[in-house]
Amino acid sequence: MGDVRDFYVPIRPTWCTGCGNFGIWNALKQALAQLDLKPHQVAVISGIGCGSKLPDYTYVNGFMGLHGRTLPLATGVKMANHELVVICTHGDGDAYAEGLGHMMHAARRNIGIVDIVQDNRVYGLTKGQFSPTSERGRISKTSPWGSIELPVNPLLVALAAGATFVARSWSGDVDHLTWLITEAIKHRGYALIDVLQPCVTFNRAQAYDFYRPRVYKLEEDPHYDPTNLNLAFQKAQEWDDRIPIGIFYRTEERPAYEEMMPALAFGPLVKQPLGQFSEEQIQKLMAEFV
């Protein structure tokens, strides 16, 4: 087991006191340490949002891109060096609004990315507008009479798109989330972890005291089989007085996207020789793009 202090940076997060992002941040670092990973072996990719600041606070390779474009960036990183552990950390606005189409294609391709969505069911960074996962009727600054839109169910979308690892946790149980992240990193292919994340400032109706009495763990149900896709579809629709967390669906039978790419059969692209280019051509390319 590694040392969680390997991922420490001397930067104080700007998140609100009590923000659920602290739990996600700690779980991620603990998971990396438990798997004995080193900072140079990991790349954390994010977009725009409160949770998307996480790469700033973690000593790993990091990249913050445009809102909603987290998965395409992560795909590029994975294709350039598929030996890296590539992890996305972004909010529900980033992942399930502009980013929803990218999620579906990442799922059907089964590319080896861990996709952690900090789902606080609100746009926190921009002061509380309703998000794609907000419940119908949510009153906000942009919906003073209540949202008239049905919420996205990300688990159902991922299952329908062909995702091979679909899970949910919540940031109030760091040990459970740590375990889920380790399982997702070990998974062969795309892994979605939807994390129920209390926003104590702009979504007080769904804070810790909302989730704590409702969540229960699928792995403690002896009758639940995470390899049963039909059962996963049923459980993904459960959301009321009881909210399931854990691994809804998992299969290791499909190869990951990077395992099928002919160009990657000779090793990571970043380690392959550029023999077909002259030094002058390489310098010209670097001057244009670097």
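**View 1. Helices α1 and α6 pack with their axes within 8 Å, crossing at roughly 50°.** In this predicted model, in which local features need pLDDT of at least 70, side-chain atom pairs count only at pLDDT 80 or more, and totals for chains, interfaces and linings use all residues, the pair is formed by α1 (residues 21-34) and α6 (residues 174-186). Residues are numbered from 1 along each chain as its sequence is written, and side-chain values use heavy atoms, with hydrogens and water left out. Helices (H or I, at least four residues) and strands (E, at least two) are DSSP runs numbered from the N terminus, while axes are lines fitted to C-alpha atoms, for helices over the stretch in contact, with angles from 0 to 180 degrees between N-to-C directions. The angle makes α1 oblique to α6, given that angles under 35 degrees count as roughly parallel, over 145 as roughly antiparallel, 65 to 115 as roughly perpendicular and the rest as oblique. The crossing of α1 and α6 is right-handed, a term used if the near helix is turned clockwise from the far one by less than a right angle, anticlockwise being left-handed. With contact meaning heavy atoms within 4.5 Å, α1 contributes residues including Ile-24, Leu-28 and Leu-32, and α6 contributes residues including Leu-177, Ile-181 and Ile-185. By class, the residues of this contact are nine nonpolar, six polar and no charged, where Ala, Val, Leu, Ile, Met, Phe, Trp, Tyr, Cys and Pro count as nonpolar, Asp, Glu, Lys and Arg as charged, and the others, Gly among them, as polar.

**View 2. Helix α4 (residues 100-109) packs against α5, the two axes coming within 8 Å and crossing at roughly 40°.** The two helices are therefore oblique to each other, and α4 passes α5 in a right-handed crossing. On the α4 side the contact involves Leu-100, Met-103, Met-104, Ala-107 and Arg-108, which meet Pro-154, Val-157, Ala-158 and Ala-161 in α5. These residues divide into eight nonpolar, no polar and one charged.

**View 3. Helix α5 (residues 154-161) also packs with α8, at an angle of about 160° and with the axes 9 Å apart.** That angle makes α5 roughly antiparallel to α8, and the crossing of these two helices is left-handed. Leu-155, Leu-156, Leu-159 and Ala-160 of α5 make the contact with Leu-229, Ala-232, Phe-233 and Ala-236 of α8, a set with eight nonpolar, no polar and no charged residues.

**View 4. Eight strands form an open sheet with mixed pairing, in the order β2-β1-β3-β4-β6-β5-β8-β7.** Strands β2 (61-64) and β7 (215-217) stand at the edges, each with a single partner strand, so one side of each is left without a neighbour in the sheet. On average, neighbouring strands of the sheet are turned by 20° against each other, direction ignored. Two strands pair if DSSP finds at least two bridges between them; β3 (residues 85-91) and β4 (residues 113-119) pair in the parallel sense over six bridges, and His-90 stands opposite Val-117 in β4. Helix α8 (residues 229-236) lies across β7 and β8 (243-250), running at about 155° to β8.

**View 5. The protein chain as a whole has ten helices and eight strands.** Its radius of gyration, 19 Å, is close to the 19 Å that the globule rule gives for 290 residues, so the chain is as compact as a globular protein of that length; the radius is taken over C-alpha atoms, and the rule is 2.2 Å times the number of residues to the power 0.38. Along its principal axes the C-alpha trace spans about 65 × 40 × 40 Å.
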